[in-house]
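Hi everyone, thanks for making time this morning. I'd like to walk you through a model, so please have a look at the screen while I talk.

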Amino acid sequence: MAYRDLRDFLDALERHGELIRIKDEVDWDMEAGGIIRLACQLNAPAPLMENIKDYPGQRMMGGYFSNYRKAAIAIGLDPDSDRATVLDAYHQRIKHPIKPIIVNRGACQENVITGDEVNLFDIVSPMPHDGDAGRYIATWQFIATPDYDTDWINWGMYRQMIQNERILGGLVMPMQDIGYQFYTKYLPNKKPMPWATVIGTEPITTIVSAAPYGIGRSEVDWAGGLRLEPVELVKCVTQPLYVPANAEFIIEGYVNPTLEDRAYEGPWGEYSGYRTSPRAPRTAFHVTAITYRNNPIHTHSPLGVPVDDSHMAFAILCRSDMLNVLEDNAIPVLGLHVPPEMVGHTVVVSIKKPQSNLANLIASLLFGTKNTGMAIRDVIVCDEDVDVYDLDQVLHVLATKWHPRRGTTFYDNQVGMPLTPYLSMEERIWGKSARNVYDCTWPLDWSPTRDIPVRSSFWDIYSERVIEGVCHQWQRLGYKEDMKKVWETGKKLVSWE
Ligand SMILES: Cc1cc2nc3c(=O)[nH]c(=O)nc-3n(C[C@H](O)[C@H](O)[C@H](O)COP(=O)(O)O)c2cc1C
């Protein structure tokens, strides 16, 4: 059964030892962000802070999706499932979207504040990092926007900073779905764009909003598919829009159809692990209502060095998008890994290679994927003997099978992600970049007996008789690993573990 709401999921995390309840008072001014950040960096349980300074009755939490254990719990898998199992479960479920259902009442509207009573400072929102421009009400949440002339509702994870009691500042990039809706529809038609910021849902509903599903596709259907149950939606109180009924907070409002109405936003610490986004005049989001549950929980992600929730969302959801593109183009892909440790800038693909230069075809397809293609710097393509989910193997294949000239293709004059630390300020401002493809496959014209060297690994260099014998007596020799079981279940695997 899918989690009904955030609280239901937090109970599950706690049962699996992945949640700490903090009763001591915590300051919203950087201390809360610092606790979440350190928990992520230590790969520790998610902190639920129940006593936030100045905000009695409101709670804050973060880091609930920052590793594969938590990602497994989020879709009801065994927390100890391996990476490939978790990734493939997400990828398979996302192929079968489920439509939402509409309900008349939602816990998210237990408390309703509208009109002049609205004050964004009444919501427990953090000052995430030292040096950030202000208090961010929205860092791990999503903005829902209805399309102007179709029934498509977009969900996107886009940050928002408090400007004053009733205005938020945020980034509306033309190449994001919200940007498409605003710049090509609401703005030319001179109509205000309704929006609702949704904070604190069961995990899938929120993480799916970080996925690049594209124009006309509603993330809510994909959330249903991943949960194996429809999402329940309730009508907003002041805007023509539906939102998840059991969310902790909903902020409703509109964006004026003009480019003159701006709010300053940024800088703030980014997913890459550096503060790269400058202070700039950005879109002003006007607030018409705040609704929330009793004793609400604010979810926060003070982005930074890997691995945190943002890297995991990228690793799982963008991977699915990339895999779909390769599968649609009949690429014989065996594995695809976007290592969260490399913040989404690197993609590792393994293939059963039927022809030469497939690495470049794969890279061209991946560079074209929506949003995510822009962030990719390296595509590493390996033969089937590499377990792409094992970073030790990826490093080894780069060290041994990648030829620095024959194996490299350099792509210049590419569209770049403006938040990328290694780009010059000029490249960041104009969104320019370059990419590399590392073909780590053996050339097809190499003879297996003459040219391709034998790999000297336990699993490759010994006869099956020796492998079986060693595995069977492994524990008797005094080691703890159950290699007999590994041999029985996975002797065809080339895992090095
Ligand atoms: C924690 C987090 C924060 C993000 N913040 C922003 C943001 O402020 N602006 C933005 O355009 N994309 C941001 N993204 C990336 C988008 O969520 C992602 O590109 C997503 O595909 C956008 O949805 P869309 O495809 O419906 O436009 C963020 C992602 C994460 C995981």
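Two housekeeping points. This is a predicted model, where local features need pLDDT of at least 70, side-chain atom pairs count only at pLDDT 80 or more, and totals for chains, interfaces and linings use all residues. Residues are numbered from 1 along each chain as its sequence is written.

How confident is the predictor? pLDDT is its confidence in each residue, from 0 to 100. The mean pLDDT of the protein chain is 95, and 98% of its residues reach 70 or more. Over residues 493–497, though, the pLDDT is below 50, and that stretch has ten contacts in the model beyond near neighbours in sequence. A contact here means two residues whose C-beta atoms, placed from the backbone, lie within 7 Å. Where pLDDT is low, the predicted coordinates should not be read in detail.

Now the overall layout. The domain assignment gives domain 1 (6–299), domain 2 (329–440) and domain 3 (458–490); such bounds come from an automatic or database assignment. Between domain 2 and domain 3, the C-alpha centres are 34 Å apart.

On to the strands and helices. Helices (H or I, at least four residues) and strands (E, at least two) are DSSP runs, numbered from the N terminus, and two strands pair if DSSP finds at least two bridges between them.

For angles, axes are lines fitted to C-alpha atoms, for helices over the stretch in contact, and the values run from 0 to 180 degrees between N-to-C directions. β1 and strand β2 (residues 46–49) run parallel and are joined by four bridges, with I22 opposite M49.

Strand β7 (residues 142–146) runs antiparallel to β8, with four bridges, and A144 has W155 as its bridge partner. In a regular strand the side chains alternate between the two faces of the sheet. In β8 (residues 153–156), I153 and W155 on one side and N154 and G156 on the other are all buried.

Which strand is largely enclosed by the rest of the structure? That is β14 (residues 249–255), because six of its seven residues are buried. Strand β11 (residues 193–199) pairs with β14 in the antiparallel sense over seven bridges. β14 also pairs with strand β16 (residues 280–292), again antiparallel, over six bridges.

Another open sheet has five strands, ordered β18-β19-β20-β22-β21, with mixed pairing. Its edge strands, β18 (333–337) and β21 (408–415), each pair on one side only. Strand β19 (residues 346–351) runs parallel to strand β20 (residues 378–382), with five bridges. α8 packs on this sheet, touching β18 and β19, and makes about 155 degrees with β18. Our opening residue, N436, belongs to strand β22 (residues 432–440). Leaving aside neighbours within four places in sequence, N436 is in contact with R377, D378, T408 and F410.

Finally, the inside. A nonpolar core is a set of buried Ala, Val, Leu, Ile, Met, Phe, Trp, Tyr and Cys residues joined through C-beta atoms within 7 Å. In the largest one, with 122 residues, V243, V349 and V379 touch the most other members. Helix α8 (residues 309–328) gives the largest share, nine residues. Domain 1 (6–299) and domain 2 (329–440) both contribute, so this core lies between them. Not counting residues up to four places away in sequence, V349 touches V333, L336, I362, V379, V381 and V388.

Definitions and conventions: Buried ≥ 20, exposed ≤ 12 C-beta atoms within 10 Å, placed from the backbone. pLDDT = per-residue confidence, 0-100.
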